[in-house]
Each structure stands twice: as structure tokens, then as C-alpha cells.
Amino acid sequence: MSETTAVPSPSPATPSPGAAPAPHAGRRGRLARRLPVVGGLAAGGVLLLAGPAFAHVSVQPGQAEQGGYATINFKVPNERDNASTVKLEVSLPTDHPLASAMPQPVPGWKIDVTRTKLDKPLETHGKKLTEAVSKITWTSDGSTIEPGQFQQFPVSVGQLPKADRMVFKALQTYDNKEVVRWIEPTKKGGPEPENPAPVLELTPASGDGHGSGTADAKNTGGDADGGRPAAADGSDTTARVLGGAGIVVGIIGVAFGVLAGRRRGA
């Protein structure tokens with residue numbers, strides 16, 4: 001009877017200590033190291049894009065109805081890290097004069113109202129007005145807008161003209177004497193200029209017979225001091241959404257990096 005000799009199976013090759021790692025392992029390692037950096041850059045980029053969305057003087061809310069009355073707020077954020085806002089000047093458009101423009105008192109701020117004689121009398125409620133408010137100025141009288149803060153300055157306006165929009169040019173003065181001129185026009189569909197003027201978009205009346213502005217319904221409330229109505233702004237919402245998205249992207253990038261590092265260590 002013949003004998004069969006078993007031949008042992010070859011054992012898997014064991015890489016020597018000095019052997020170079022496989023090419024795909026090196027790629028995985030480089031990718032894992034880059035993920036946190038990429039995530040952080042993405043988050044930073046989104047936040048940078050979100051910043052300018054709420055950094056300019058604006059009208060809140062940005063829309064009202066033609067022919068009605070509305071309470072609008074001029075929202076003034078402080079853009080500087082080393083200076084406080086101490087003055088705001090808002091010019092009302094002279095091509096569409098308003099019969100009424102009454103600022104609401106704001107604690108810590110002095111209000112000056114400038115009236116201008118009209119070239120053509122303005123007829124409203126059966127009366128002819130020969131002058132109208134052309135500028136409202138708020139000057140610090142104990143309060144300032146500190147870095148990282150904002151203030152709203154409410155004004156009741158009407159009757160709103162039958163126009164597409166009203167442009168309010170504004171000057172913001174800081175305590176270091178710097179003046180920022182928010183006077184540049186914004187073209188519909190075009191890019192936003194560096195220093196855009198506040199704009200109130202006007203829509204046709206709803207047909208309820210009163211012609212009340214949409215701003216009235218949105219600005220009836222305020223905070224405890226009565227000087228900062230809690231109106232929301234579309235640009236602020238966009239900024240918050242973009243900022244939150246950037247943070248999430250950054251967190252995901254860091255998490256990928258940590259997990260990849262643990263896998264390499266295992």
C-alpha cells in the first residue's frame with residue numbers, strides 16, 4: 001500500500017517591519033488627514049458668505065402695501081469691532097413724499113425731524129399739504145449701538161405711494177467719527193452693492209378697502225423697553241441658515257477625520 005505524504009500549505013507572507021505600506025493604505029491615510037481641513041474650510045467659507053447678509057442698514061419688514069399706512073423699522077447693526085454707532089440719519093424720498101412720517105421714541109436716543117416745502121402740494125384726506133418730512137435723525141443721548149449689537153428705529157409712515165418701491169438713503173456715524181453712507185441703489189436682479197440703501201418694496205393693495213400696509217400687522221409687538229420691535233428679516237434668516245450649514249459641514253469633516261484615525265490605529 002502506497003503512502004501519501006501531506007504537503008503543508010504555504011503560510012501567508014508576513015510583511016517585514018521595513019516594508020512600505022500598500023498604496024491604497026497611504027491614500028486612505030492622506031484622505032483621512034485632509035477631511036477635517038476640508039470640512040473646516042467649507043464651514044469657514046459658508047460663514048464668510050453669510051456675514052454680509054445682515055451687516056447693512058435695512059428696512060424691516062421689507063414689504064408693504066401701496067396706499068396704506070405701515071410701521072417700518074430701520075435696523076442698524078454695528079459692523080465695527082472697535083467703535084460704537086452714535087447717530088443715524090435717514091432721508092425720505094422726495095419723489096414720493098409722505099403725508100405722515102412719525103418716529104417712535106427710542107430710549108437713549110434724541111430724535112430730530114426735518115420738514116421740507118413741497119414744489120407741488122400733496123393732497124390727502126381732502127387736505128393739501130405744502131410740506132413733508134424729508135429726513136429723520138437719531139442721535140445718541142445716553143445709548144449707543146455697541147460692537148456685536150443692533151438697534152431698530154421705528155417709524156409710522158403713510159400713505160404709501162403707488163410705486164414699486166421706496167428708497168431711503170441712510171448715514172451711519174460711529175463714535176470714532178467714521179461715517180458709512182448707505183446710499184447705493186440696488187437694481188432688481190443685479191448684485192447687491194457694497195453699501196446698499198434701505199429699500200421698502202411696495203405691492204398692490206389687497207382690496208379689503210382699508211389699504212393698510214403689511215408692515216402694520218408685522219410690527220405691532222416689541223420687547224420690554226418698547227424700542228426694539230421684534231420684526232424678522234429675510235437676510236438674517238438666510239445668514240443663520242448658511243451659518244448653521246457651515247458649522248454642520250465642519251463637524252462632519254472633523255468626525256470623518258477622527259473615525260479614520262481610529263481605524264488606522266486599530
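This is a predicted model: local features need pLDDT of at least 70, side-chain atom pairs count only at pLDDT 80 or more; totals for chains, interfaces and linings use all residues.
Strands first. There is an open sheet of four strands, ordered β1-β3-β8-β5, with antiparallel pairing. Its edges are β1, residues 58-60, and β5, residues 100-103; each of these pairs on one side only. On average, neighbouring strands in this sheet are turned by 30 degrees against each other, direction ignored.

Inside that sheet, look at β3 and β8. Residues 70-77 pair with residues 150-158, antiparallel, over eight bridges. Phe74 stands opposite Phe153 there. Remember Phe74; the name comes back.

Next, β7, residues 127-140. Strand β4, residues 85-91, pairs with β7 in the antiparallel sense, over five bridges. In that pairing, Leu88 has Trp138 as its bridge partner. Strand β6, residues 109-124, also runs antiparallel to β7, and 12 bridges join the two.

Now the core. Which residues touch the most other members of the largest nonpolar core? Of its 32 residues, they are Phe74, Trp138, Leu160, Phe168 and Leu200. Strands β3, β4, β7, β8, β10, β11 and β12 each supply at least two core residues. β3 gives the most, with four.

Take Phe168 as a case. Leaving out residues up to four places away in sequence, its contacts include Val59, Ile72, Phe74, Val90, Trp182 and Leu200. Pro93 and Pro198 are also among them.

Last topic: charges. The structure holds six salt bridges. One is Arg80 with Glu178, closest N and O atoms 2.6 Å apart. Arg80 sits in the loop between β3 and β4, Glu178 in the loop between β10 and β11, and 98 residues separate them. Both ends are partly exposed: Arg80 at 25% relative accessibility, Glu178 at 26%. Glu79 joins Arg80 and Glu178 in a network of salt bridges.

Then Glu89. Is this residue buried or exposed? Glu89 is buried, because its relative accessible area is 15% and the cut-off for buried is under 20%. Glu89 forms a salt bridge with Lys135, at 3.6 Å, N to O. Glu89 is in β4 and Lys135 in β7, so the pair ties together parts 46 residues apart in sequence. Lys135 is partly exposed, at 26%. Lys87 also forms a salt bridge with Glu89, at 3.9 Å between the closest N and O atoms. Lys87 is partly exposed, at 29%.

That's the tour.

Technical notes: Residues are numbered from 1 along each chain as its sequence is written. Side-chain values use heavy atoms; hydrogens and water are left out. Two strands pair if DSSP finds at least two bridges between them. Axes are lines fitted to C-alpha atoms, for helices over the stretch in contact, and angles run from 0 to 180 degrees between N-to-C directions. A nonpolar core is a set of buried Ala, Val, Leu, Ile, Met, Phe, Trp, Tyr and Cys residues joined through side-chain atoms within 4.5 Å. Buried means under 20% relative accessible area, exposed over 50%, partly exposed in between (1.4 Å probe, protein chains only). Contact means heavy atoms within 4.5 Å. A salt bridge is a side-chain nitrogen of Lys or Arg within 4 Å of a carboxyl oxygen of Asp or Glu.
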